[in-house]
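This briefing is meant for a reader who is meeting the structure for the first time. Please look over the sequence and the model before going on to the points below.

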Amino acid sequence: MQILGIGSRIAHADHGKGVVTNVTSEHYWVTFIDSGLETIAIDSDFEVLEAVTDEVDTISFSEVEQSLIGILRKWSDASSLTPIADKWKNGSLVLQPGDGNLSAKEIPIATFFHKIVMVRDRIRVMEQKINSSKQLDDSEKVDLQQYITRIYGSLTTFNVLFKSQGDFFVGERSTK
């Protein structure tokens with residue numbers, strides 16, 4: 001069995017994609033995109049996406065953090081880590097049907113929030129692709145940008161979930 005080095009990328013059935021940030025004789029410390037830092041046994045069942053085979057070296061936490069940020073940006077379609085507002089942590093979203101004979105659906109609000117952030121990040125990527133497109137002329141880019149602005153405006157209801165105003169959806173601003 002090959003021991004993975006720091007910086008190796010893996011896919012774990014329960015935790016998703018992550019990067020090895022520390023190695024001990026029995027465990028990998030892995031920072032996962034969705035679940036954060038987890039310790040998993042070296043003989044756990046996971047898929048190696050990219051192995052780093054250099055000797056295990058001691059490096060500073062700051063170096064690991066900078067490396068991890070770069071790796072996550074490179075391999076994830078998310079542009080940043082976006083925290084949920086503190087008041088919603090560990091909360092749930094309940095969808096209550098109008099018909100009393102039907103049962104409600106309850107999901108963790110963090111799951112819903114993650115989906116909203118993914119939508120926002122993918123809209124941002126689409127916006128970047130439109131703006132850098134060589135096939136579209138300027139009037140087509142402006143037209144598509146207006147649609148994107150309206151999409152952001154439709155999603156402003158979800159701004160209450162975000163911890164930072166800098167992460168908010170922003171639609172058309174009124175010039176009144």
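In which loop is D43 found? D43 is found in the loop between β4 (36-41) and β5 (46-50), where helices (H or I, at least four residues) and strands (E, at least two) are DSSP runs, numbered from the N terminus. This is a predicted model, in which local features need pLDDT of at least 70 and side-chain atom pairs count only at pLDDT 80 or more, while totals for chains, interfaces and linings use all residues. Residues are numbered from 1 along each chain as its sequence is written, and side-chain values use heavy atoms, with hydrogens and water left out.

**Overall make-up**

- The protein has three helices and seven strands, and along the sequence these follow the pattern β-β-β-β-β-α-β-β-α-α.
- Of the 176 residues of the protein, 28% count as buried, where buried means under 20% relative accessible area, exposed over 50%, and partly exposed in between (1.4 Å probe, protein chains only).
- Among contacts (heavy atoms within 4.5 Å) between residues at least 6 apart in sequence, 47% join residues at least 24 apart.

**Two loop residues**

- D43 is exposed, with a relative accessible area of 63%, and its C-alpha atom is separated by 9.5 Å from that of Y28, 15 residues apart along the chain.
- H15 is found in the loop between β1 (9-12) and β2 (16-23), and, not counting residues up to four places away in sequence, H15 touches F32, D34, S35, E38 and I40.

**Helix α2**

- Helix α2 (residues 109-132) has 24 residues and should span 34 Å at 1.5 Å a residue, a figure that agrees with the 35 Å between its end C-alpha atoms; the expected span is 1.5 Å times one less than the number of residues.
- The buried residues of α2 include I109, F113, I116 and V117, together with R120 and D121, and what covers the buried residues of α2 includes β6 (92-95), β7 (105-108) and α3 (138-154).

- In soluble globular proteins, nonpolar side chains tend to be buried together.
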